[in-house]
Amino acid sequence: MDDVLTETVPAEELKKFEKAYHEQLYKQDVTPKAQFEYAWCLVRSKYPADIKKGIFLLQELFRTHEEGQRDYLYYLAIGNARIKQYTEALKYVRSFLNIEPGNSQVIALETTIKAKMDKEGLMGMAVAGGVVLAIGAAVGLGISILNKKS
Amino acid sequence: MSAGPYNYSYIFKYIIIGDMGVGKSCLLHQFTEKKFMSDCPHTIGVEFGTRIIEVAGQKIKLQIWDTAGQERFRAVTRSYYRGAAGALMVYDITRRSTYNHLSSWLTDTRNLTNPSTVIFLIGNKCDLEGQRDVTYEEAKQFADENGLMFVEASAKTGQNVEEAFLETARKIYQSIQDGRLDLNAAESGVQHKPSQPGRNTLSNDQQFNKDNCAC
């Protein structure tokens, strides 16, 4: 099931924007547009290393290019949430909502992030429950083996 | 976990495209929340919405990607067109420029989606009759010439909003029934989910096996 935190960029799209960015980087003349497009694809990658690189590029843009700051905050939140840095992600969400309270797109993102945290919290518990069951089973098996021996 | 993971049998992917400020996000919001957003900020990149609908007794989950209309997002939003089963192409009946750009949106859509993608043209803001800048007749003619479905709608009053989303789904479902849309193709924009009875059969089988093994 896809949503803004799980959909991934097609590999050839990522390559296309990577190439454009690197061409400008080579000429030492990177435009905010090329950097943003590349970073936006990176934070939608399935590889955490790409996402981290995207976050780095977005942070740089945020410091240097005032005009697109709301876009950079939004994708910084998405990038961080995708590598499970939820506290960091929610920090960017809150910074955004301080400037534009009531922005429904960002409120929806906040809800999605919190739902994901809840789900993973439950899943953590489920894993712990599984371990308890496994120990129980092992103990049970041990007892039955002992019983057979006797 | 009452309903299980799938209380629907299909997922259809939609995209919403068109110029900045034509009301794409408001249409999405009206469809998913049944509310009008009066103060609608510019979308950043893409926004996402879902709703489960029913077509011919089948529950279908619509997965809707609402793209930002601002030019600076356009290069990357194109990557969302791939694998869309439905495309809602929106213009504003009170701003002719948004209508004039439709051929460019249509070219993009045709190039980036597949032949079975259903394209639905929506003339939004039809509640603003006094400010009309594009007649119904000429838009209807444009739609007919290009084989598009068409309605005028209002995200504000809700008029024809349901119809546009649901008609698109009916057309997609019809394509599946007719065999024109290949469910196994990765780019079809349609996913078929195991239905409830199928899941029950599976658990019955497991039960059966377990009983057999108990001897």
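Begin by selecting A:E12 and B:R82, whose side chains meet in a salt bridge at 2.3 Å, N to O; the term denotes a side-chain nitrogen of Lys or Arg within 4 Å of a carboxyl oxygen of Asp or Glu. Between chain A and chain B, two salt bridges are counted.

The model is predicted: local features need pLDDT of at least 70 and side-chain atom pairs pLDDT 80 or more, whereas totals for chains, interfaces and linings use all residues. Residues are numbered from 1 along each chain as its sequence is written, chains are lettered from A in the order in which they are written, and side-chain values use heavy atoms, without hydrogens and water.

Next, select the side of chain A that touches chain B. The helices α1 (11-26), α2 (32-42), α4 (69-82) and α6 (104-149) of chain A each supply at least two of its residues; helices here are DSSP runs of H or I with at least four residues. Coloured by class, this side shows 10 nonpolar, three polar and 10 charged residues.

Then display both partners together. In contact (heavy atoms within 4.5 Å) are 23 residues of chain A and 23 residues of chain B. The two chains bury about 2,000 Å² between them, 60% of it on carbon and sulfur atoms; this is the accessible area (1.4 Å probe) lost on being put together, summed over both.

Of its 150 residues, 37% count as buried, that is, under 20% relative accessible area (1.4 Å probe, protein chains only).

Definitions and conventions
Nonpolar A, V, L, I, M, F, W, Y, C, P; charged D, E, K, R; others polar. Buried < 20%, exposed > 50% of the residue type's maximum accessible area, 1.4 Å probe, protein only.
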